[in-house]
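Hi,

Here is the structure I said I would pass on. Have a look at it first, and then read my notes below.

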Amino acid sequence: MWPWGHLAVAYLLYTAVVHRRFGRPPRALPAIALAVGSQTPDLIDKPLAWNVGILPGGRTLSHSVFALAALVVAVLAVATRLRRRPLGVGFLVGYGSHLLADVPPAVFGGDFSGATYLLWPVLEPPPEEPVAGILDAILSYYELGAFEWVQFGLFAVGAVVWYRDGMPGLGLVTAPLERWVTA
């Protein structure tokens, strides 16, 4: 899944839960933590596999449920200690939704071979075509097929929902940029 697909899935899931549980849109800082969490598995695994060659594939270490379990314990402990639990939860929802969104549709038909990355290192990750870095992966791995167009659609829906929610997090990101530009 492309980054904007992960972001859309994470935001749509998170805002639905926040609206249902609290009767309001997401708050700014947890929304930013959610966005960061939704990208984190790829920001770790892809460079370590494709650029450095430390990992056997772009969906291994940080795409594993074992890493997620350790991260849940660590992030919630730190967030609770710092009295920032909503930020920790936002990050973890983004992170967890990334792993789920990467599950190939064939799994729903009973073919679990494409989801073995979830149990890495116990199971081998699905095979990947070799790539010479992230740019090569983008140019050779990804194509605009039906699945990619669905992601664009999800992103559009997510953007509309985020706008209707008051664009949580945007002000915290743009304010420092505005200060820097006008200084």
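Before the notes, one term: I call a residue buried when its relative accessible area is under 20%, exposed when it is over 50%, and partly exposed in between, using a 1.4 Å probe and protein chains only. Keep in mind that this is a predicted model, so local features need pLDDT of at least 70 and side-chain atom pairs count only at pLDDT 80 or more, while totals for chains, interfaces and linings use all residues. Residues are numbered from 1 along each chain as its sequence is written, and side-chain values use heavy atoms, with hydrogens and water left out.

Let me start with Phe91. Its place is in helix 4 (residues 85–101); helices here are DSSP runs of H or I with at least four residues, strands are runs of E with at least two, and both are numbered from the N terminus. Phe91 counts as buried because its relative accessible area is 16%. Leu172 lies 81 residues away from Phe91 along the chain, and their C-alpha atoms are separated by 16 Å.

Just after helix 2, Gly53 takes a positive phi of about 80°.

How many salt bridges are there? The count comes to 1, taking a salt bridge as a side-chain nitrogen of Lys or Arg within 4 Å of a carboxyl oxygen of Asp or Glu. The partners are Asp42 and Lys46, whose side chains meet at 3.2 Å, N to O. Because they are 4 residues apart in helix 2, about one helical turn separates Asp42 from Lys46. An α-helix has 3.6 residues a turn, so residues three or four places apart point the same way.

Are Asp42 and Lys46 buried or exposed? Both are buried: Asp42 has 13% relative accessibility, and Lys46 has a relative accessible area of 9%. Lys46 and Ile134 are 88 residues apart in sequence but 7.2 Å apart in space, C-alpha to C-alpha. For Asp42 and Ala67, 25 residues apart along the chain, the C-alpha separation is 13 Å.

Phe66 belongs to helix 3 (residues 65–81) and is partly exposed, at 43% relative accessibility.

From the record: an unreviewed UniProt entry places a "transmembrane region" at residues 59–79. UniProt positions are given in the numbering used here, feature names are shortened, and annotations may be inferred rather than shown by experiment. In the model, residues 59–79 are 71% helix and 0% strand, with end C-alpha atoms 26 Å apart.

Last, some backbone points in the loops. Most residues other than glycine have a negative phi, and most peptide bonds are trans. Arg83, in the loop between helix 3 and helix 4, has a positive phi near 55° and is exposed at 76% relative accessibility. Met167 is not a glycine either, yet its phi is positive, about 55°. Met167 sits in the loop between helix 6 (146–164) and helix 7 (170–182) and is partly exposed, at 29%. Pro25 is found in the loop between helix 1 (3–22) and helix 2, and is partly exposed at 29% relative accessibility. Finally, a cis peptide bond joins Trp120 and Pro121, with omega about 10°; Pro121 is in the loop between helix 4 and helix 5 (134–141).

Cheers
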